[in-house]
Amino acid sequence: MATLESLCVTSRTATVLLTPDGARFTLPAPIAWRVTEATGAVVATGTAVHAPVFIEDLTPASDYTFTCDLGSLSITTPACAGLIDAATFGVNTTANATTNAAAFARAIAAVPTGGTLTVPAGIYATYPLFLKSDMTLYLPEGAQLAAPETRHDWPILSAYDDRDRVLGTWEGQPEPCFAALITAIDAHGLRLTGRGVIDGGGDRGDWWTWPKETRNGARRPRTIHLAYSDDVHLSGLTVRNSPSWTIHPYRCDGFWAAALNIQNPPDSPNTDGLDPESCLDARLVGLDFSVGDDCIAVKAGKRGDGQSAHLAPTRRLTVSHSRMARGHGAVVLGSEMSGSITDIDIYACEFVGTDRGLRLKTRRGRGGELARISMRDVLMDGVGTAFSANAFYFCDIDGKSDAVQNRAPSPVSETTPIIHDITLDRILARNVATAAVALLGLPEAPITGVTLSNFSVGYDPSATEDIPLMACGVAPVRHGGIIATFADISGTLTLVEPQKDHALC
């Protein structure tokens with residue numbers, strides 16, 4: 001059924017989702033649209049080829065109508081308590097990163113509750129900016145924030161704040177880390193929007209040369225890091241060149257992201273696109289990824305030696321109408337999942353050229369659940385393994401030890417991860433190289449409740465053998481069907497002819 005839905009409406013921008021029959025991220029056919037104000041005057045027009053349509057340069061506290069062949073949709077922009085132009089506080093395109101960061105701080109402090117900070121067109125070098133509650137950061141088309149190439153004087157987030165809350169994190173555990181270019185802590189009701197660019201500077205300096213190290217007392221920064229900030233919306237922006245994970249909402253409930261373009265080079269290390277960690281009720285819609293690691297990587301903290309107080313679940317996450325291209329995994333759950341990741345709904349998406357499609361990964365010692373996961377109406381093209389679940393993922397320094405990799409049953413305890421209740425329906429995976437489905441559960445805790453329906457697969461005739469799962473003792477395969485060990489799975493695959501058009505790329 002064709003629908004129109006408004007998403008992430010701010011005082012000056014709006015995202016509209018077009019979902020005619022057959023729409024995923026790409027529309028079945030282009031759709032012309034227009035936006036009119038209350039007087040009937042046309043303020044914006046375009047032709048959509050993708051489901052999300054982002055509109056900027058709207059007026060606060062105004063009524064608009066979005067019209068296309070699917071129907072009409074009313075949009076009312078909220079009021080703005082005051083517009084602050086960053087340039088009036090000394091932000092300029094010729095200043096160095098230190099000077100601009102200080103000027104941005106003054107501008108942010110001046111934004112009234114419910115107000116907006118806007119940045120004129122131009123490229124602004126800056127160290128990290130710290131945002132606050134109930135404000136909008138508006139980067140219109142042509143505006144770009146760019147991190148410097150040096151980490152000299154770069155602020156560092158400590159592992160814990162003065163309230164003993166985790167502040168800096170690295171791969172699911174408390175650790176000091178460099179602050180993100182956009183950092184927000186306890187910033188409720190925050191909005192980041194516009195057609196502008198947030199450039200994390202990963203391609204400048206040395207960030208990508210030490211992916212797993214600590215230097216100057218800290219781990220690499222994200223590009224956007226949000227912590228303990230509820231009801232945060234991101235829309236329209238391009239976020240690129242991240243030093244590590246690109247967008248990392250941590251303990252943020254009600255987080256929404258719409259119509260974002262997330263770009264990192266394919267060889268950049270650990271540059272996940274979006275990593276919601278220990279978040280409730282998040283919605284990710286109309287996103288376009290091309291990154292150097294996982295596109296969406298869902299986290300819930302990692303149990304460590306004597307460390308479990310920081311663990312909290314991710315629940316009720318929705319991912320829809322998005323395109324995940326050329327990453328390691330399209331939608332990945334784990335491996336940091338000790339607080340449990342449950343009730344995940346993925347639908348109407350496109351996975352293009354990723355190593356794996358839906359990927360679940362964990363190992364002994366993690367504990368927690370991966371459960372109640374649904375994926376439906378997804379088109380994959382050129383994906384190595386369409387669906388994998390691996391309870392022997394060989395991460396961390398002891399990942400290949402006998403305690404982790406031994407296939408004999410181990411005692412069940414709170415550190416035993418549990419994987420159950422996963423459904424895949426209406427999946428078309430064409431040009432698969434390695435395997436359609438690869439499941440490897442623990443002998444002491446097998447994967448249960450996996451159901452496949454309407455799952456069609458076609459194989460890439462030029463594929464070579466590769467391993468479907470990152471675990472010791474897994475043999476490489478080519479054109480594998482359903483590979484399941486210590487796993488309960490029902491349903492079958494339907495074989496289709498290979499297609500080489502790669503129309504989604």
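The following exercises treat contacts between side chains in a predicted model.

Local features need pLDDT of at least 70 and side-chain atom pairs count only at pLDDT 80 or more, while totals for chains, interfaces and linings use all residues. Residues are numbered from 1 along each chain as its sequence is written, and side-chain values use heavy atoms, with hydrogens and water left out.

**Exercise 1.** Determine how the rings of Trp-33 and Phe-66 are arranged.

*Solution.*
Step 1. Rings of Phe, Tyr and Trp (its six-membered ring) pair if their centres lie within 6.5 Å; planes under 30 degrees apart count as stacked, over 60 as edge-to-face and the rest as tilted. The count by this rule is eight aromatic pairs.
Step 2. The centres of Trp-33 and Phe-66 are 5.5 Å apart and the planes stand at 20°, so this pair is stacked.
Step 3. Trp-33 belongs to strand 3 (residues 26-37) and Phe-66 to strand 6 (residues 63-68), and the two residues are 33 residues apart. Strands (E, at least two residues) are DSSP runs, numbered from the N terminus.
Step 4. Buried means under 20% relative accessible area, exposed over 50%, and partly exposed in between (1.4 Å probe, protein chains only). Trp-33 has 12% relative accessibility and is therefore buried; Phe-66, with 0%, is buried as well.

**Exercise 2.** Classify the aromatic pair of Phe-178 and Trp-207.

*Solution.*
Step 1. The distance from centre to centre is 5.5 Å and the angle between the planes is 75°, and the pair is edge-to-face.
Step 2. Phe-178 lies in strand 17 (residues 177-178), and Trp-207 in the loop between strand 20 (197-199) and strand 21 (224-227); the pair therefore ties together parts 29 residues apart in sequence.
Step 3. Phe-178 is buried at a relative accessible area of 2%, and Trp-207 is buried at 2%.
Step 4. Phe-178 and Trp-207 also belong to a cluster in which ring pairs link them with Tyr-127, Trp-154 and Trp-210.

**Exercise 3.** Describe the contacts of Arg-165 with Asp-161 and with Tyr-228.

*Solution.*
Step 1. A salt bridge is a side-chain nitrogen of Lys or Arg within 4 Å of a carboxyl oxygen of Asp or Glu. The whole structure holds 27 salt bridges.
Step 2. Asp-161 and Arg-165 form a salt bridge at 2.8 Å, N to O, and both residues are buried.
Step 3. A charge sits over a ring if NZ of Lys or CZ of Arg is within 6 Å of the ring centre and within 35 degrees of the ring normal. The charged end of Arg-165 sits over the ring of Tyr-228, 4.2 Å from the ring centre.

Methods:
Helix = DSSP H or I, 4+ residues; strand = E, 2+ residues; numbered from the N terminus.
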